[in-house]
Amino acid sequence: MSKILLVDDEDRFRTSLARRLRTRGYDVVDVDNGEDAIKKIRADSEIDIAVLDLKMPGMDGIQTLKELRAFNPAIQAIMLTGHGSLDSAKEAGRLEAFKYLQKPCTVEELETVLEEAKEEVVFAKARHEIVHHPPE
């Protein structure tokens, strides 16, 4: 099973979403900033999907995605924002973000996108010649 990294500076939103995803069977690691996200991805090779808030103090979601991709080019990123703009959507697309969702989105909508991203992880690992270990 893919492990999910949830990165959002809004504590109540992040912890609530992480809890709701865990009750649905997802393995979720959550942090409140881009710098900690990078530390987590370097320490845990099982993280295949990142759900990133676009607007965060310090390192924003776009910069965080660039850094995560430098370390793990096959990671699938779902960008979440309540402050979407055409420019940020274009930048996320240029970085090959898997999806760009507006906040708030329903857990069901996010779950659908997570399932699609899990399938894409297999193809991305093959493209980048990363060994995929299917769940046992």
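Five strands make up an open sheet in this predicted model, lined up in the order 2-1-3-4-5 with parallel pairing. Pairing here requires at least two bridges found by DSSP between two strands, while helices (H or I, at least four residues) and strands (E, at least two) are DSSP runs numbered from the N terminus. Strand 2 (27–31) and strand 5 (99–102) lie at the edges with a single partner strand each, so one side of each has no neighbour in the sheet. On average, neighbouring strands of the sheet are turned by 20° against each other, direction ignored.

Residues are numbered from 1 along each chain as its sequence is written, and side-chain values use heavy atoms, with hydrogens and water left out. Because the model is predicted, local features need pLDDT of at least 70 and side-chain atom pairs count only at pLDDT 80 or more, whereas totals for chains, interfaces and linings use all residues.

The chain as a whole contains five helices and five strands, and its elements follow the pattern β-α-β-α-β-α-β-α-β-α from the N terminus on. Of its 136 residues, 45% count as buried, where buried means under 20% relative accessible area, exposed means over 50%, and partly exposed lies in between (1.4 Å probe, protein chains only). Among contacts (heavy atoms within 4.5 Å) between residues at least 6 apart in sequence, 62% join residues at least 24 apart.

Within the sheet, strand 1 (residues 3–7) pairs with strand 3 (residues 47–53) in the parallel sense over five bridges. L5 stands opposite A50 in strand 3. L5 also lies 4.9 Å from V29, C-alpha to C-alpha, although 24 residues separate L5 and V29 in sequence. V29 belongs to strand 2 and counts as buried because its relative accessibility is 16%. Leaving aside residues up to four places away in sequence, V29 touches K3, I4, L5, L6, R22 and K40.

Turning to the helices, two packed helices are described by the angle between their axes and the distance between the axes. Axes are lines fitted to C-alpha atoms, for helices over the stretch in contact, and angles run from 0 to 180 degrees between N-to-C directions. Helix 2 (residues 34–43) packs with helix 3 (residues 61–71) at an angle of about 15°, their axes being 10 Å apart. Helix 2 and helix 3 are therefore roughly parallel to each other, given that angles under 35 degrees count as roughly parallel, over 145 as roughly antiparallel, 65 to 115 as roughly perpendicular and the rest as oblique. The contact is formed by G34, A37, I38, I41 and R42 of helix 2 together with T64, E67, L68 and F71 of helix 3. By class, this contact has five nonpolar, two polar and two charged residues; Ala, Val, Leu, Ile, Met, Phe, Trp, Tyr, Cys and Pro count as nonpolar, Asp, Glu, Lys and Arg as charged, and the others, Gly among them, as polar.

L17, R20 and L21 of helix 1 meet V107, L110 and L114 of helix 5, a contact with five nonpolar, no polar and one charged residues.

Finally, K103 and P104 are joined by a cis peptide bond, with omega about -5°. P104 is placed in the loop between strand 5 and helix 5.
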